[in-house]
Amino acid sequence: MKKILLASVALFGFAGAAAAADLPVRSAPPAPIIAAAPIFTWTGFYVGVNAGFGWSNDDFDSVDLADEDDDGGFVGGAQVGYNYQIGSFVVGLEGDIQYADFGSEGAFVGTDGVTYDLDRSDWFGTVRARAGVAFDRAL
């Protein structure tokens with residue numbers, strides 16, 4: 001009985017330590033790659049739309065005018081632009097086209113005897129440059 005017990009212990013002891021020479025050695029898996037968080041930048045192209053309400057004060061002191069009240073109406077349009085960030089400084093260019101549905105229409109005869117048209121302009125546009133200092137997502 002002692003011989004069988006001794007043989008079993010020796011068999012398990014040698015079997016646990018045995019390794020084949022042609023098998024690769026298992027190692028720990030490689031560490032995961034952690035990508036750096038992207039840095040926010042103001043550089044880029046953008047488009048947008050806007051809408052609101054506008055009003056005008058077109059009161060005249062002339063008796064010849066038929067419309068002497070304040071007018072108001074819809075204002076809206078679209079803008080497009082490009083910003084470029086250099087360090088913490090941002091420069092850019094923006095343009096827009098707007099529609100304004102308010103103002104006076106009509107005609108009146110001036111004191112010089114000439115008829116003047118009160119023609120309203122419904123459309124207008126602007127182009128402007130911009131410059132600023134960026135603090136992350138605030139400009």
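**Note on a predicted one-helix, six-strand chain**

1. The side chain of Asp96 forms a polar contact of 2.5 Å with the side chain of Thr126. A polar contact here is a pair of N or O atoms within 3.5 Å; within protein, one atom must be able to donate a hydrogen and the other to accept it, and residues adjacent in sequence count only if both atoms are side-chain atoms. The Asp96 side chain has a further polar contact, at 2.8 Å, with the side chain of Arg128.

2. On the basis of the model: it is predicted, with local features needing pLDDT of at least 70 and side-chain atom pairs counted only at pLDDT 80 or more, while totals for chains, interfaces and linings use all residues. Residues are numbered from 1 along each chain as its sequence is written, and side-chain values use heavy atoms, leaving out hydrogens and water.

3. Asp96 belongs to strand 3 (residues 89-100). Helices (H or I, at least four residues) and strands (E, at least two) are DSSP runs, numbered from the N terminus. Is Asp96 buried or exposed? Asp96 is buried, because its relative accessible area is 13% and buried means under 20%, exposed over 50% and partly exposed in between (1.4 Å probe, protein chains only). Leaving aside residues up to four places away in sequence, Asp96 touches Ala78, Gln79, Phe124, Gly125, Thr126 and Arg128, where contact means heavy atoms within 4.5 Å.

4. The protein chain has one helix and six strands, in the order α-β-β-β-β-β-β from the N terminus. Of its 139 residues, 16% are buried. Among contacts with a separation of 6 or more, 58% are between residues 24 or more positions apart. The chain exposes about 11300 Å², and carbon and sulfur atoms supply 66% of that area. Accessible areas come from the Shrake-Rupley method with a 1.4 Å probe; for residues, only the protein chains shown count as cover.

5. A nonpolar patch on the surface is formed by Phe45, Val47, Val80, Tyr82, Tyr84, Ile86, Phe89, Val91, Val133 and Phe135, with about 1000 Å² of accessible area together. Patches are made of residues with over 30% relative accessible area and no salt bridge; like charges are joined within 9 Å, and nonpolar side chains (Val, Leu, Ile, Met, Phe, Trp, Tyr) within 5 Å. A salt bridge is a side-chain nitrogen of Lys or Arg within 4 Å of a carboxyl oxygen of Asp or Glu. Strand 1 (44-56), strand 2 (71-86) and strand 3 each supply at least two residues of the patch, and strand 2 gives the largest share, four residues. Val91, in strand 3, is partly exposed at 39% relative accessible area.

6. Ile39 sits in the loop between helix 1 (2-17) and strand 1 and is exposed, with a relative accessible area of 79%. The C-alpha atoms of Ile39 and Asp136 are separated by 8.7 Å, although the residues are 97 apart along the chain. Asp136 lies in the segment after strand 6 (123-133), and its phi is near 60 degrees, a positive value in a residue other than glycine. Most residues other than glycine have a negative phi.

7. Rings of Phe, Tyr and Trp (its six-membered ring) pair if their centres lie within 6.5 Å; planes under 30 degrees apart count as stacked, over 60 as edge-to-face and the rest as tilted. This rule gives two aromatic pairs. One of them is edge-to-face: the rings of Phe40 and Trp42 have centres 5.7 Å apart and planes at 90 degrees. Phe40 is partly exposed at 33% relative accessibility, as is Trp42 at 23%.
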